[in-house]
Amino acid sequence: MRTACEPVRIPMCSSMPWNITKMPNHLHHSTQANAVLAIEQFEGLLGTQCSEDLLFFLCAMYAPICTIDFQHDPIKPCKAVCERAKHGCEPVMKRYNHSWPESLACEELPVYDRGVCISPEAIVKAEGPDNPYYQDFSKCPPESTPDFPMDSHNIHCRSSNSEQCKCKTVKLVQKVYLRNNYNYVIRARVKEIRNRNHDLSAVVEVKDVLKSSLVNIPRDTVTLYYNSGCLCPPLTANEEYIIMGYENEERSRLLLIEGSIAQKWKERVGRKVKQWDQSLRDQSRGNSERGHPRRSRH
């Protein structure tokens with residue numbers, strides 16, 4: 001039996017740009033009453049403001065948006081949304097001896113452009129009659145298609161070409177570098193950009209490893225994996241860059257996700273980054289020593 005959409009009754013999700021959901025949700029809760037009890041465990045984590053994507057991601061999992069006459073199952077959040085939330089919040093969880101829940105694993109979620117999924121940037125807030133999130137299909141140009149035909153609500157027009165890919169510029173300054181705490185920094189020459197079913201990756205030849213974490217980076221040809229259908233940060237074949245990003249330790253993958261930086265290589269930039277990383281290590285060491293004061297000798 002096909003279940004109908006129902007109004008969202010989870011208080012934590014009342015601010016979301018959708019007000020109808022469908023049970024069971026993606027965590028297999030059969031009722032919203034059960035979902036409320038489960039999602040409330042994240043209230044403390046939300047209070048740390050570890051990721052601006054966390055609440056959206058949780059609500060997309062626990063109170064998924066319900067589509068009308070579109071598909072039987074509710075729409076899942078995009079993989080990129082999960083990875084941004086996890087990247088921001090897992091370090092906070094680890095401080096309290098918790099890890100990112102397996103039930104919220106990012107690996108199986110759909111990649112934007114390969115399947116239907118929902119993300120904050122894919123919901124267009126347009127003026128309309130009675131509904132602040134209403135947008136008419138007619139606003140989509142002929143060469144594009146509506147991503148989420150949800151009874152004419154919350155439509156995002158996805159172009160058939162790459163015009164929708166607008167990368168956020170991340171400025172390479174010390175404050176940004178220290179805040180983003182990249183897992184790896186390399187000097188590399190781009191050999192090839194691959195696009196397989198909208199799964200983007202960059203094959204690069206590593207010239208120098210300025211910083212590495214848990215994933216081994218050989219001075220050889222390696223693959224950097226994007227997590228969306230957009231080439232952000234942009235790379236061009238046969239150009240040399242300083243590239244900084246994150247890693248997926250479980251899959252031994254180097255990632256280019258939101259916040260990653262790729263900038264044309266210059267020696268002075270490389271020297272700056274080495275100084276900044278030394279500053280980051282000194283700061284970390286100082287915090288560690290303050291947390292474990294030496295005993296005075298008598």
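Mentor: First, a definition: helices (H or I, at least four residues) and strands (E, at least two) are DSSP runs, numbered from the N terminus. The model is predicted, so local features need pLDDT of at least 70 and side-chain atom pairs pLDDT 80 or more, while totals for chains, interfaces and linings use all residues. Residues are numbered from 1 along each chain as its sequence is written, and side-chain values use heavy atoms, without hydrogens and water.

Trainee: Is N25 buried or exposed?

Mentor: Buried means under 20% relative accessible area, exposed over 50%, and partly exposed in between (1.4 Å probe, protein chains only). N25 has 5% relative accessibility. N25 therefore counts as buried.

Trainee: Which residue gives the backbone oxygen that lies 2.9 Å from a polar atom of the side chain of N25?

Mentor: A polar contact is a pair of N or O atoms within 3.5 Å; within protein, one must be able to donate a hydrogen and the other to accept it, and residues adjacent in sequence count only if both atoms are side-chain atoms. The N25 side chain also reaches the backbone nitrogen of H29 at 2.9 Å. Contact means heavy atoms within 4.5 Å, and not counting residues up to four places away in sequence, N25 touches A35, M61, Y62 and P64. The backbone oxygen belongs to Y62.

Trainee: Y62 is one of the buried residues of helix 3. How many of the 9 residues of helix 3 are buried?

Mentor: The buried set is L54, F56, F57, L58, C59, A60, M61 and Y62. They pack against helix 1, helix 2, strand 3, helix 4 and strand 4. Helix 3 is largely enclosed by the rest of the structure, because the buried count is 8 of the 9.

Trainee: How far apart are the end C-alpha atoms of helix 4?

Mentor: The expected span is 1.5 Å times one less than the number of residues. Helix 4 (residues 79-95) has 17 residues and should span 24 Å. The model agrees: the ends are 24 Å apart.

Trainee: Where in helix 4 does the kink lie?

Mentor: The bend at a residue is the angle between axes fitted to the seven residues ending there and the seven starting there. The kink is about 40 degrees and comes shortly before the proline P91. It lies at C89.

Trainee: How many of the 17 residues of helix 4 are buried?

Mentor: C89 and E90 are among the buried residues. The cover includes helix 2 (43-47), helix 3 (54-62), strand 3 (76-77) and strand 4 (117-118). Beyond its neighbours within four places in sequence, W100 is in contact with residues including C82, A85, K86, C89, E90 and M93. Helix 4 is largely enclosed, because the buried count is 12.

Trainee: Which residue forms a salt bridge with R189?

Mentor: A salt bridge is a side-chain nitrogen of Lys or Arg within 4 Å of a carboxyl oxygen of Asp or Glu. Here the closest N and O atoms are 3.8 Å apart. The partner of R189 is E240.

Trainee: How many residues apart are R189 and E240?

Mentor: R189 is in strand 7 (residues 184-196), and E240 is in strand 10 (residues 240-248). R187, R189, E240 and E267 are linked in a network of salt bridges. The separation of R189 and E240 is 51 residues.
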